[in-house]
Amino acid sequence: MEDDLQIIDAYLSGASGAAEELVMRYQKQIYSFLYRMTGNMEDAKDLVQQTFIQAVMNLGSFRRESSFKTWLYQIALNTGRNHIRRYRHNEVEAEESIMANEDGALATLMERQTMDHIRQGMEKLPERQRLAVTLRVNEGLSCGETAKVMGCSEGAVKTHYHLGVKKLRMFLKEKGHEIHA
Amino acid sequence: MKSMHDEVSDLLPEYVAGSLSDEVQGRVKRHLLDCGDCRETASLLSRVSSPDVPDPGEIFWKTLPVRVGNAVRDEKRPWWSVRHLLFRPFAMAATAAAIFVVFFVLLKGREAVEYEPILRYPYTEVVVDYSDPGIYDIKRYAELVIGEEFPVTPYGMVEDSYHRELASLDPGQMEHFSEALLQEMKKGG
């Protein structure tokens, strides 16, 4: 299987289908990341398309100092941030959207309540802490990759991540949830 | 030096995702047996990472690469290409308007140049050349005779059978017709 850089080279030399191959590789991860940022499926669908168009259009300026995946997450992060700045949804709308997307038949009432409180807790975190937790835990990025996406040091990522997790645990305790292994 | 607890708490996201090597995974697992704090964090992280993202559906995943590919190709196409214009209605409308204006100006300019009537005022003209009257001459002649603007375009006059008949008169008949009209006018007809 070709690695990302080979596909990028193929795209830059005019090979057809190379851009589509890159999209297929990362579309689910980027969509999931943008959904967690916006809390809205339709917004995430639009933003994932915008992210990939922007990434492919600027492949020529990709300096290869970090991995393509990290670079792509940076573009997704900026696209998501711009969107949130422009069209900030009120919390009620976001919550309704999440509730509407849940599969109520499978989740127990208690579990659903816990998950709702986890989402609320995540939303209450300062942006850098929420990003560190999302990129490390949801997106499975390493500390180094997260640092590159966020444009800070690995030490700063660890600080943001640990503070975020600590606040999230405190928030859940306040809501009466005991998280047991 | 980093303690075992700090080391494990940094690795918990990878532990929950199952992306650590077997050896490190085992080490973390052993620490979790003794450390309630890390156990609680691991439990929370497994919930945070659980898939609560709604799936937009197979059609979306299949069409997204194609849509991105097409959008990028369209962006890179030169602005004057037909397909580029088709996807930009405003640009296309502006281009069409510009073409229309250019044609209109050219046509009007040509008509203005062509308007050189050979017939002048028939009553004062010593010599009138009726040999090659154009459509503008017929209208002008008619306007001079009736003394007011003729309410048809030169092309309309030619289309009209009456004016076509007038235009078909030879120079002698035209002179005669002019004389007859003059007499009618004198009589107040």
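## A walk through chains A and B

Let's start at Thr146(A): leaving aside its neighbours within four places in sequence, this residue is in contact with Ala132(A), Leu135(A), Arg136(A), Leu141(A) and Val157(A), where contact means heavy atoms within 4.5 Å. Thr146(A) is found in helix α8 of chain A, residues 143–150. Helices here are DSSP runs of H or I with at least four residues, strands are runs of E with at least two, and both are numbered from the N terminus. With a relative accessible area of 0%, Thr146(A) is buried (under 20% relative accessible area is buried, over 50% is exposed, and in between is partly exposed, using a 1.4 Å probe and protein chains only).

A word on what you're looking at: this is a predicted model, in which local features need pLDDT of at least 70 and side-chain atom pairs count only at pLDDT 80 or more, while totals for chains, interfaces and linings use all residues. Residues are numbered from 1 along each chain as its sequence is written, chains are lettered from A and ligands numbered from 1 in the order in which they are written, and side-chain values use heavy atoms, with hydrogens and water left out.

Now zoom out to the chains. Chain A has 9 helices and 0 strands, and buried residues make up 49% of its 181 residues. Of the contacts in chain A with a separation of 6 or more, 61% are between residues 24 or more positions apart. Chain B is also built from helices, with 10 of them and 0 strands. Of its 189 residues, 28% count as buried, and residues 24 or more positions apart account for 28% of the chain B contacts with a separation of 6 or more. As for surface, chain A exposes about 9300 Å², with carbon and sulfur atoms supplying 50% of it; for chain B the accessible surface comes to about 12600 Å², 61% of it from carbon and sulfur atoms. These areas come from the Shrake-Rupley method with a 1.4 Å probe, and for residues only the protein chains shown count as cover.

How do the two chains meet? On the chain B side 35 residues are in contact with 41 residues of chain A. The area buried between them is about 3600 Å², and carbon and sulfur atoms give 65% of that; buried area is the accessible area (1.4 Å probe) that two parts lose on being put together, summed over both. Leu44(B), Arg47(B) and Trp61(B) supply 18% of the area that chain B buries against chain A, more than any other three residues.

There is a polar side to the interface too. Between the chains, 12 residue pairs are in polar contact, both at pLDDT 80 or more (a pair of N or O atoms within 3.5 Å; within protein, one must be able to donate a hydrogen and the other to accept it, and residues adjacent in sequence count only if both atoms are side-chain atoms). On the side of chain B that touches chain A, helices α1 (4–17), α3 (36–48) and α4 (58–76) each supply at least two residues. The largest share, 13 residues, comes from α4(B).

Met41(A) gives a close-up of the two chains meeting. Sitting in helix α3 of chain A (residues 41–57), Met41(A) is buried at 19% relative accessible area. Beyond its neighbours within four places in sequence, Met41(A) is in contact with Tyr31(A), Tyr35(A), Pro54(B), Asp55(B) and Pro56(B).

Next, the charged pairs. Which salt bridges tie things together? The whole structure has 16 of them over all chains, a salt bridge being a side-chain nitrogen of Lys or Arg within 4 Å of a carboxyl oxygen of Asp or Glu. Across the interface of chain B and chain A there are 6, one of which pairs Arg169(A) with Asp37(B) at 2.8 Å, N to O.

Inside chain A, Arg25(A) and Asp4(A) meet in a salt bridge at 2.9 Å, N to O. Arg25(A) lies in helix α2 (residues 18–38) and Asp4(A) in helix α1 (residues 4–12), so the pair ties together parts that are 21 residues apart in sequence. Arg25(A) is partly exposed at 21%, whereas Asp4(A) counts as buried at 13% relative accessibility.

Glu139(A) forms a salt bridge with Arg36(A), the closest N and O atoms being 3.8 Å apart. This pair links distant parts of the chain, with Glu139(A) in the loop between α7 (127–138) and α8 of chain A and Arg36(A) in helix α2, 103 residues apart.
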